[in-house]
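Please keep the sequence and the structure in view while reading.

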Amino acid sequence: MTHGVLPGQSFPLGATVCEGGVNFCVFSRNATAVELLFFDDVDAGRPARRIVFDPKVNRTFYYWHVFVPGVEAGQLYGYRVHGPFRPEAGDRFDGMKLLVDPYARAVAVGRHYDREAAVRPGDNTARAMKSVVVDPSAYDWEGDQPLCRPYSRTVIYEMHVGGFTRHPSSGVDPARRGTYAGLVEKIPYLKDLGITAVELLPVQQFDEQDVAPPLRNYWGYNPVAFFAPHSGYSTDRSPLGPVNEFRDMVKALHAAGIEVILDVVFNHTAEGDHRGPTLSFRGFENRAYYHLEPDRRRYANYTGTGNTLNANHSVVRRLIGDCLRYWVAEMHVDGFRFDLASVLARDEDGRPLNNPPILWSIESDPVLAGTKIIAEAWDAAGLYQVGSFVGHRWAEWNGPYRDDVRRFFRGEEGMVGALAARLTGSPDLFDRDGRDPNRSINFVTCHDGFTLNDLVSYNEKHNEANGEENRDGTDANYSWNCGVEGPTDDPEVEALRLRQIKNFFTTLLISQGTPMLLMGDEVRRTQHGNNNAYCQDNALSWFDWRAVERQAGLLRFVRGLIRLNLTHEAFQQDRFWIDGGNSGTTRVVWHGVRLHEPDWAPHSHSLAFTLEDGDHLHVMLNAYWEPLVFELPPLQAPLRWHRLVDTGRAAPEDFHDPDEAPPVEGGTYAVGARAVVVLMAR
């Protein structure tokens with residue numbers, strides 16, 4: 001054992017600040033030697049101090065540990081792990097590579113970081129990311145706690161930390177654009193919009209070089225360190241800066257009443273396939289952290305990214321649980337959206353499990369009991385579990401909601417019955433085991449696919465800028481360009497596109513379930529037809545704040561719909577709307593253009609329904625290309641129908657708050673071509 005250090009302990013994993021120093025502990029079953037290196041500078045090519053673990057003193061079972069007196073928070077460190085390089089056996093140790101601690105709470109990325117240096121033979125120390133010792137207790141939360149808002153009172157805004165303020169038009173100080181601090185400056189906009197939660201695209205430290213140059217990885221779905229906030233989103237690039245700035249952001253959002261949900265990636269890492277770099281997990285214990293093919297040389301690829309994390313291995317399962325608890329207890333986040341969550345349902349051999357240990361562990365963990373846990377219930381290898389995902393607490397991204405609503409409004413036949421199910425919380429998928437309908441996360445657009453503006457402006461994807469000859473991204477967009485591909489000056493086409501956008505927003509925010517909006521859709525953000533902008537860290541993906549003024553009418557419309565969603569009793573229900581109704585449950589009555597005569601036939605393009613509760617709502621949806629006259633349910637005097645929403649009208653007549661809504665005369669209402677109308681009985 002190196003002079004001046006103590007044996008240390010096998011728990012907890014990672015670098016733990018204790019009285020008088022720091023305990024370091026990592027897992028490796030098959031390593032033959034482990035070195036801990038300290039650095040004075042992130043770009044240093046040589047360590048300031050090197051500690052060699054003695055297997056007889058510094059190893060307990062498969063855990064290598066040492067206590068180093070005098071070390072404090074902010075210390076830069078890394079590991080070299082020696083062992084056999086036998087790909088045929090699944091071992092890929094490389095003692096020349098500096099490795100990031102799998103439990104690193106912060107990661108420093110220097111000016112000379114080079115992903116390829118972790119691929120090439122030889123020492124990569126000067127060009128490697130370096131771990132940082134963090135003391136989680138050294139921060140004043142000023143009484144802040146996660147908000148624990150119920151799904152029934154939640155409207156989610158999926159957004160990208162960098163892209164939200166990186167555009168020069170953001171008005172954010174140039175030094176803060178694209179950062180946690182920059183997002184804080186725009187909290188008044190989020191609060192005014194009315195959303196109650198932000199779902200942040202990945203902020204776990206990722207590798208921006210994990211794409212072919214000169215492009216950069218923008219989305220961040222390629223983690224290097226699961227516990228560490230991405231340093232590239234911090235104005236403060238000191239070793240501890242990203243941790244503190246992330247916490248400042250969370251605290252500020254909470255003060256505004258906005259929850260923070262993290263999009264977490266526990267299905268794969270930035271190390272890629274067998275040709276990829278040795279950054280961390282591969283160099284510690286390849287066989288434990290990854291699913292391998294039977295010949296062990298190659299990685300099972302259930303994610304479409306080159307490798308798959310072995311989530312139900314005992315060590316990986318522990319890492320995921322420790323990580324989630326850390327983000328909640330020490331970073332105060334309110335929930336998680338699990339990217340390709342069905343990967344976590346596969347056993348160590350890749351087979352789907354009926355009762356995946358990791359998923360049940362997450363659901364039943366008492367530290368996580370008050371958090372939102374949301375599954376993207378599919379993976380890239382064909383496992384699709386929307387409506388059948390394990391557990392009782394999990395909410396799910398409702399992919400069928402997205403597709404069916406899109407298909408209805410682009411005029412496809414046979415979609416009325418499917419639309420009715422999506423409007424009522426998708427009981428065909430989720431009404432089982434006492435599930436809350438709000439566990440259906442409804443969305444029309446998300447980061448992966450067209451923006452809402454592009455959904456009504458393009459029939460085909462246009463991903464040429466990604467450098468993959470337009471082969472990447474899905475072809476199943478269910479979009480309609482309203483007659484012209486891309487931008488147009490034709491006022492009729494533009495009017496139709498705006499009406500379609502309002503149709504989508506209205507449907508989303510009057511459906512039962514938890515609505516999710518995509519960043520910038522409320523002001524028609526466009527990616528010019530690119531439906532897979534994962535590598536476009538430029539104006540193509542960023543929020544152009546000039547659109548806030550240009551699209552003031554649409555923005556006002558969306559704000560009003562969000563207010564309606566969060567204040568009307570029908571949208572706060574925690575039980576499915578039903579035909580017939582029970583005490584405390586909203587009754588839904590279906591109609592067509594004639595009362596009580598819904599037209600479920602394949603040729604139908606319209607539907608109406610009445611929600612009977614404290615304040616009756618009557619909704620008419622017309623995806624037909626001509627106006628339709630709908631009969632209105634009779635009301636007992638002095639009640640009258642008042643118009644809240646008519647997407648066929650221009651602003652400001654397209655939306656009225658309930659106390660300002662104009663009355664409707666007569667027993668019918670003419671709904672314009674491709675329009676939605678919402679009435680309230682008052």
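## Backbone geometry in the loops

Arg674 is found in the loop that runs between strand E27 (668–671) and strand E28 (675–681), and in this predicted model the phi of Arg674 is near 50°, a positive value in a residue other than glycine. Its relative accessibility is 11%, so Arg674 counts as buried, the cut-off for that class being under 20%. Most residues other than glycine have a negative phi, and most peptide bonds are trans.

The bond from Phe11 to Pro12 has omega near 0°, and Pro12 is found in the segment before strand E1 (14–18). The bond from Pro213 to Pro214 is cis with omega near 10°, and Pro214 is placed in the loop between strand E14 (204–206) and strand E15 (223–229).

## Asp379 and its surroundings

Which residues does Asp379 touch, not counting residues up to four places away in sequence? They are Tyr302, Leu340, Ser342, Val343 and Arg346. Asp379 itself lies in the loop between strand E18 (372–375) and strand E19 (395–397), and with a relative accessibility of 7% it counts as buried. The C-alpha atoms of Asp379 and Leu340 are separated by 4.8 Å, while the two residues are 39 residues apart along the chain.

The side chain of Asp379 takes part in a polar contact with the side chain of Arg346, at 2.8 Å. A polar atom of the Asp379 side chain also lies 2.9 Å from the backbone nitrogen of Ala381, so that this distance falls within the 3.5 Å cut-off for polar contacts.

Ser606 is found in strand E23, which covers residues 606–612, and at 9% relative accessibility Ser606 counts as buried. Leaving out residues up to four places away in sequence, Ser606 touches Phe408, Val416, Val593, Asp599, Leu621, Asn622, Leu628 and Phe630.

His642 lies in strand E26, which spans residues 641–646, and its relative accessibility of 11% means that it counts as buried. A polar atom of the His642 side chain lies 3.1 Å from the backbone oxygen of Arg640. Once neighbours within four places in sequence are set aside, His642 is in contact with Ala661, Pro662, Pro663 and Val664, and also with Val678, Leu679, Met680 and Arg682.

## Helices H6 and H7

Two packed helices are described by the angle between their axes and the distance between the axes. Helix H6 (residues 314–329) and helix H7 (residues 357–364) pack at an angle of about 25°, and their axes are 10 Å apart. Because angles under 35 degrees count as roughly parallel, H6 is roughly parallel to H7. The crossing of H6 and H7 is right-handed.

On the H6 side the contact involves Arg317, Ile320 and Leu324, which meet Pro357, Ile358, Ser361 and Ile362 in H7. By class, the residues of the contact of H6 with H7 comprise five nonpolar, one polar and one charged.

## Helices H8 and H9

How does helix H8 lie relative to helix H9, roughly parallel or oblique? The axes of H8 (residues 399–409) and H9 (residues 416–423) come within 9 Å and cross at roughly 135°, which makes H8 oblique to H9. The crossing of H8 and H9 is left-handed.

The contact is made by Pro400, Tyr401, Asp404, Val405 and Phe408 of H8, together with Val416, Ala418, Leu419 and Arg422 of H9. The contact of H8 with H9 has seven nonpolar, no polar and two charged residues. Two of the residues in this contact, Phe408 and Val416, are also among those touched by Ser606.

Note on methods:
Residues are numbered from 1 along each chain as its sequence is written. This is a predicted model: local features need pLDDT of at least 70, side-chain atom pairs count only at pLDDT 80 or more; totals for chains, interfaces and linings use all residues. Side-chain values use heavy atoms; hydrogens and water are left out. Helices (H or I, at least four residues) and strands (E, at least two) are DSSP runs, numbered from the N terminus. Buried means under 20% relative accessible area, exposed over 50%, partly exposed in between (1.4 Å probe, protein chains only). A polar contact is a pair of N or O atoms within 3.5 Å; within protein, one must be able to donate a hydrogen and the other to accept it, and residues adjacent in sequence count only if both atoms are side-chain atoms. Contact means heavy atoms within 4.5 Å. Axes are lines fitted to C-alpha atoms, for helices over the stretch in contact, and angles run from 0 to 180 degrees between N-to-C directions. Angles under 35 degrees count as roughly parallel, over 145 as roughly antiparallel, 65 to 115 as roughly perpendicular and the rest as oblique. A crossing is left-handed if the near helix is turned anticlockwise from the far one by less than a right angle, and right-handed if clockwise. Ala, Val, Leu, Ile, Met, Phe, Trp, Tyr, Cys and Pro count as nonpolar, Asp, Glu, Lys and Arg as charged, and the others, Gly among them, as polar.
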